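Me: I am new to this structure. Please tie each label to its cut-off.

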Amino acid sequence: MSASPSKNTVRVGVIGTGRIGRIHTTNLMRRIEGATVAAVADPFVDNAREWLDPLGVPEIHKDYKAVLGNPEVDAVYVCSSTDTHAQIVEEAAAAGKHIFCEKPIDLDVAKVRGALEKVERAGVTMMVGFNRRFDHNYAALQAAVAAGEVGQVHLVKITSRDPQPPPIDYVKVSGGLFLDMTIHDFDMARFLSGSEVTAVSAAGTVLVSNEIGAAGDIDTAVITLWFENGAIGVIDNSRQAVYGYDQRAEVFGSKGMVRTENDTETRVIRTTAEGPRSDKPLWFFLERYAEAYARESEAFVRALREGTTPPTTGADGLAPMLIGGAARKSLEEKRVVTIAEVS
Ligand SMILES: NC(=O)c1ccc[n+]([C@@H]2O[C@H](COP(=O)([O-])OP(=O)(O)OC[C@H]3O[C@@H](n4cnc5c(N)ncnc54)[C@H](O)[C@@H]3O)[C@@H](O)[C@H]2O)c1
C-alpha cells in the first residue's frame, strides 16, 4: 500500500485509463512507496470504473485539463493514446508538472523535439516509459556488460516477437512496426551496448497478416545496427510467435557472452515417452513485464523525491525514434541509412 499522503509523497495525475494507465494507477496506489494517485482523467473513464473504483482515487475526470489545473498534482503519467502525448506533455510542462510519458512521445520527430524543448524550458523532470530496462533479466544483462564481464562489446542480438498481432485499427495509427514495436528493441540496443546507434539496415516483409500489409506495414523484420563504439547488432521481430511472447537478448564480446532466456510460469520440465515438455514463455507484455512496470515507477518516484535525473529521459525517448525513422527509410530504399540522415 502506498503511504498515506504526506509532504514528501509524490501526488500523481494519471491521464489515460486504458491498458497501460490501469497498470500504472494500480502500481502507484498499491505498490509504490512515496507515491499516490491524486486524480485520473480519460474521456472514457467510465469504462475503467470496475478496476478504478476499488482503488479509491480521490478525483476522477473526463478532461485531462482538470488534472493539470489541480495544484495538488506534482507529476502526471501520460498514458493516453500516442497521438495525444506531445500536446499533453507540453501543457503539463507549462503547468509545472513533472512528467512520466509512455512511449512513443509522438510519431513525428519535429513534434517530439518541440515537446522536449518545452519540457527543458519549464525545468520539469521527464521520464519516458521504456519498461524493459527495468526487467530483472535485461537489467542484469546490462549490469554485466557495464561491469566489463564480456569485455569489449562486439555483438548485440535481440529477439522480440509478439504472440499475436494487434487489432488492425491499432496497426493503422501505430506508426508502423518500427515505431510501435521495435522502438523498445532500439532502446534495448542502446541500453545493452552502452553506445549510440549510427546506422541501420532493415529488411521487412508481410508473412503473418495480409491486413497489416494492406495497411502499408510489415509484420516480420530483421534490422542490422552499427554502433558508435564499433559493435554491431541485430534485432529480429515478428508480430506473431505461436508459442507466446518471445523476449531474449545476448551480448557477446572479447571476454565472453551474457544472454537471457524467456521467463516462464514455472521451470518444471515434464519428460514422457513423447519427449520433454516445459512451459511456454509468459503470454504477453502485461504478464512478462508486470514487475518491470512497478520498478520503472519506483525509479521515477525516487528521482522526483531525491531530485535526481530519472534513468530514461526525454532524450532517450527521441533516440529510438530516429533509429526507427532510419529503419523505415532503409526498408523503403533498400540501403544502409545513417542516423545523421534522419536527424
Ligand atoms: N511501455 C509499454 O510497454 C506500453 C504498453 C502498452 C501501451 N503503451 C503505450 O501507452 C499508450 C496507451 O496505450 P494503451 O495500450 O493503454 O491504449 P488503450 O487504448 O488501452 O488506452 C488509451 C486510453 O487513452 C484514453 N485517451 C485518449 N485520448 C485521451 C485524452 N485526450 N485524455 C485522456 N485520455 C485519453 C482513451 O480513452 C483510452 O482509455 C500508447 O502510447 C502506447 O504506445 C506502452
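Me: What makes the residues of strand β4 (75-78) buried or exposed, and which way do they point?
Reply: Buried means under 20% relative accessible area, exposed over 50%, partly exposed in between (1.4 Å probe, protein chains only). Ala75 and Tyr77 point one way, Val76 and Val78 the other way, and all are buried. This is a predicted model: local features need pLDDT of at least 70, side-chain atom pairs count only at pLDDT 80 or more, while totals for chains, interfaces and linings use all residues. Residues are numbered from 1 along each chain as its sequence is written, and side-chain values use heavy atoms, with hydrogens and water left out.

Me: Why is β4 called a strand?
Reply: Strands are DSSP runs of E, at least two residues; helices are runs of H or I, at least four; both are numbered from the N terminus.

Me: How many bridges join β4 to β5 (residues 98-102)?
Reply: Four, and these strands run parallel. Val78 stands opposite Cys101 in β5.

Me: Why are β12 (256-260) and β15 (337-338) at the edges of the seven-stranded open sheet?
Reply: The order is β12-β11-β7-β10-β9-β8-β15, with mixed pairing. β12 and β15 each have a single partner strand, so one side of each is left without a neighbour in the sheet. β11 (residues 246-253) pairs with β12 in the antiparallel sense over five bridges.

Terms used
Pairing = 2+ DSSP bridges.
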